Amino acid sequence: MNSQDKVCSPWMMNDNWPWSILLPLIGVLPTVLGAFIGIDIGTDASKMPAATDVVAILKAQQITHVRLFDADAHMLNALANTSIEVMVGVTNEEVLGIGQSPSVAAAWIKRNLVGYVPETNITAIAVGSEVLTSIPHAAPILVPAMNNLHKALVASNLNFQVKVSTPQSMDVIARPFPPSTATFNSTWNSTMYQILQFLKNTNSYYMLNAYPYYGYTTGDGIFPLDYALFQPLSAVKQIVDPNTLFPYDSMFDAMVDAAYYSIAALNFSGIPIVVTETGWPWLGGANEPGATIENAETYNNNLIRRVLNDSGPPSQPKLPINTYIYELFNEDMRRGPVSEKNWGVFFSNGSAVYSLSLSTSSRISGNGSGVFCIAKQDADSDKLRDGLNWACGSGHANCSAIQTGQSCYYPDNLVNHASYAYNDYYQQMHSMGGTCDFGGTATTTSVDPSYGSCIFTGSSNSSGRTGFPSPAYGPISPMGGESSMLVPDTGFITVAIILYVVLPLR
């Protein structure tokens, strides 16, 4: 995604910031060598919260790495003394001037870094946004811009702390599948060689924007949705590279490996890849059926679990894939289809779009604790209330945790309470034929819905969980009564896979 016009909106003060929503969303506990999950912060929204409010939410969510698409002074000041690692951005409009003039580059470093470090923990500069594919006329000046910035960092004694690189889309790779034969588009061979030589010389890393959403939506049905969402495929439906026989459990891993093989094709090695953008839109237009809240929640939760298992793709299993989720807020001013405006995990007023959570045990195993039953976000409230009342009544679910003052009472809303009750019933009864349907208001998930001190029945994690509960949908009625009869869950359709594909994956 070309994120160039993310810097149009100022950081505006917002006296009505809903501080009550500042519960953990993404709990990322840093380790010395482990992979991290960061988040991108775009600003192309009609109403942005104040920079101090943005940093407050980052701290509340224990987010340790952020990427800015510019070097906004308000954000850099607000991030001071937080220890959050910050990647700042050179905008596409700035690339030409910096590439043409070392003095312009030196002034940029002085203005946007020297005055903020060490209080603000700036550790990287992203030069442009998908320059080769979004502004190809600037290709000849891209590496000079990177060199000029690096020399300015050396002069300021910041070159060991701050790395310079440039994010590129998957479109610079001509044939991304099978990964083992992937190469950069020959149009960019000279520029890519210079970029890689720079990264090697400065001990920096390759910045990749990898979007399985686009790989799926432009694939004409060749790749199944489950593959894009990190969902398991049956043994006979695995995606396998026919040359290496490496199996690929997800399109994300295949994209990262395609970049590693493309780098190797130019005779470079030892350059790690950091995914600077990936995510899934939660809302789309009539012709964008893949952009749903369910798919976005599934993708990002599974992404977090996959990254934090500290492994690399099949060709580089010992190299973790540090990754930034695109993005913190929705950007309603972005041009393009409906989906372009709806990648955020938060609305600009601070309310959560959907639930994201992770267990610290994910870092060890990368696996969930089983199957959970939760309420659908868009379920009819009357049916939800009936389902909740049935589960806590005739269904004999243990609903003590959602009573006033107990660990799962907050957020005090129907979806959250129904999810807890549904899951408790399901965990007790599914082995004896109990289903997760509740009149069509429930669905199963492999993502543990526990958060904070609220531990759902069936969770393998009794402590250390952080998460953001479902958005509020309204009050609940006193428990009692019964819902309609529970019906069996339906199955799913498997899709055959074709191994050799040429797709314009972003």
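Visitor: What makes the crossing of α3 and α6 left-handed?
Guide: A crossing gets that name if the near helix is turned anticlockwise from the far one by less than a right angle, and right-handed if clockwise; the crossing of α3 and α6 is left-handed. This is a predicted model, where local features need pLDDT of at least 70, side-chain atom pairs count only at pLDDT 80 or more, and totals for chains, interfaces and linings use all residues. Residues are numbered from 1 along each chain as its sequence is written, and side-chain values use heavy atoms, with hydrogens and water left out.

Visitor: Which residues make the contact of α3 with α6?
Guide: With contact meaning heavy atoms within 4.5 Å, α3 brings V95, L96, I98, G99 and Q100, while α6 brings I141, L142, P144, A145, N148 and L149. They split into eight nonpolar, three polar and no charged.

Visitor: What makes β5 and β6 edge strands?
Guide: The open sheet has nine strands in the order β5-β4-β3-β2-β1-β11-β10-β7-β6, with parallel pairing. Two strands pair if DSSP finds at least two bridges between them, and β5 (163–165) and β6 (167–169) each pair on one side only.

Visitor: How do you know that β1 pairs with β2?
Guide: Three bridges join β1 (residues 37–41) to β2 (residues 65–68), and the two run parallel. I41 stands opposite L68 in β2.

Technical notes
Helices (H or I, at least four residues) and strands (E, at least two) are DSSP runs, numbered from the N terminus. Ala, Val, Leu, Ile, Met, Phe, Trp, Tyr, Cys and Pro count as nonpolar, Asp, Glu, Lys and Arg as charged, and the others, Gly among them, as polar.
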